[in-house]
Amino acid sequence: MEPKKILVAGGAGFIGSHLCDYLIGQGHGVVCIDNLSTGRKENIQHLLKHRNFKFIEMDVVHLHRPGVNFSKFWGGRVDEIYHLASPASPPQYQKNPIGTWQANTIGTVNLLELARRHRAKFLLASTSEVYGDPLVHPQTETYWGNVNPVGIRSCYDESKRAGETVCMDYHRTYGMIVKIVRIFNTYGPRMDKNDGRVVSNFITQALMKRPLTVYGRGKQTRSFQYIADLIIGLVKMMASSKSFIGPVNLGNPKEFTIKELALKVLELTGSKSKIVYKPLPPDDPQQRRPDIALAEKTLHWRPQVSLHTGLKRTIEYFKITLL
Ligand SMILES: NC(=O)c1ccc[n+]([C@@H]2O[C@H](COP(=O)([O-])OP(=O)(O)OC[C@H]3O[C@@H](n4cnc5c(N)ncnc54)[C@H](O)[C@@H]3O)[C@@H](O)[C@H]2O)c1
């Protein structure tokens, strides 16, 4: 396979850094751009000296500011662009709602323009949040969603939906090869312990011997995908036939209640922490499970890592970073 020149926007984040690792491991050249708003340089520290890797601290919203010449970083060539540059957890994206909205709309347009100029393939990391609080279960890609356009989650949900729209418009207008992936809840090493996602919250609380916070009665369900499975899915999607645009769901269809997750974390950490219950935040979806039939059929992809194995690996990582 010929090495490619690949841009990963948001490459210093949780998912992006694993993607950079994988692509570098396959012999490709990677330029990672990131404004480090929710990502961390530690996530890519081990790559910084690699001859095929380049990091540029930059905001995708201001990609075309005067004086920035991207071509010099890859000798005038880019083959593929992955757009992952957006905060992903509710506390993070609600901290800067306008910035979140900009990253997924203006940032997407900026990166699509770059892809158009270089005739590069473009992949958008969209989200299961485009389904909102779904009235259809499990969610198939043909379901248009049930999203509140003016709520506190809308800066993320609606801007991801707009990002999908503009990808389709670039595809229809310019015949560009675009790929839309709807990522469901993903966890694993390098999640930020402070970003408020349920898996990292529970593990941190259990290891620090603090009570585990469950919102509502803990009966709401989620499906949890281990990071290694997602990375394979993203790469397969980018490599898929040019007529396959998606959107395609990538997630683990096995569904757990939040209470079951809390109990599993307590079991695997051996923690004696208690569970405390707090009121549900607004617009918190009651259930979420991907229908992955399309990914199975088109990408021959299916998650391989069980919650038990994935949680054990993630707990090991948190033990090293926390204790
Ligand atoms: N983790 C999940 O479960 C999940 C689920 C659905 C979708 N996604 C999507 O996957 C992508 C990556 O998520 P993640 O979990 O790795 O989150 P993350 O916060 O760890 O990574 C996002 C990265 O993008 C960077 N970034 C944010 N805004 C930027 C901007 N304007 N310009 C440049 N860089 C910017 C951050 O600094 C960070 O490094 C996001 O687009 C997110 O919406 C993630």
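Predicted model: local features only at pLDDT ≥ 70, side-chain atom pairs only at ≥ 80, totals over all residues.
The buried set is Val198, Val199, Ser200, Asn201, Phe202, Ile203, Gln205, Ala206 and Leu207. Nine of the 10 residues of helix 6 (residues 198-207) are buried, so I put helix 6 down as largely enclosed by the rest of the structure.

I then checked what follows the helix. Just after helix 6, Lys209 takes a positive phi of about 60 degrees.

**Helix 1 by itself**

I turned to helix 1 and its length. Helix 1 has 12 residues. From first C-alpha to last it reaches 17 Å, close to the 16 Å expected at 1.5 Å a residue.

I listed them as Phe14, Ile15, Gly16, Ser17, His18, Leu19, Cys20, Leu23 and Ile24.

Their packing partners include four strands that I noted by number: strand 1 (5-9), strand 2 (29-34), strand 3 (53-57) and strand 4 (80-83). Strand 7 and helix 7 are on the list too.

Just after helix 1, I found Gly27 with a positive phi of about 90 degrees.

**Helix 1 against helix 7**

I followed up the helix 7 contact. The axes of helix 1 (residues 14-25) and helix 7 (residues 227-239) come within 10 Å and cross at roughly 65 degrees. The crossing is right-handed.

Which residues make the contact? From helix 1 I noted Ile15, His18, Leu19 and Tyr22. From helix 7 I noted Ile227, Leu230, Ile231, Leu234 and Val235. By class, the contact has eight nonpolar residues, one polar and no charged.

**Around the ligand**

Last, I looked at the ligand shell. There are 27 residues around the ligand. Gly10, Gly13, Ile15, Thr38 and Gly39 come nearest. Helix 1 and strand 5 (121-127) are the elements that give two or more residues to the shell. Helix 1 gives the most, with three.

I also checked the shell by class: 13 residues are nonpolar, 12 polar and two charged.

Ile15 is the residue I kept meeting. It is buried in helix 1, it takes part in the contact with helix 7, and it is among the residues that come nearest the ligand.

Technical notes
Residues numbered from 1 in each chain as written. Buried ≥ 20, exposed ≤ 12 C-beta atoms within 10 Å, placed from the backbone. Axes fitted to C-alpha atoms, helices over the stretch in contact; angles between N-to-C directions. Left-handed = near helix turned anticlockwise from the far one by under 90°. Contact = placed C-beta atoms within 7 Å. Nonpolar A, V, L, I, M, F, W, Y, C, P; charged D, E, K, R; others polar. Expected span 1.5 Å × (residues − 1). Near = placed C-beta within 6 Å.
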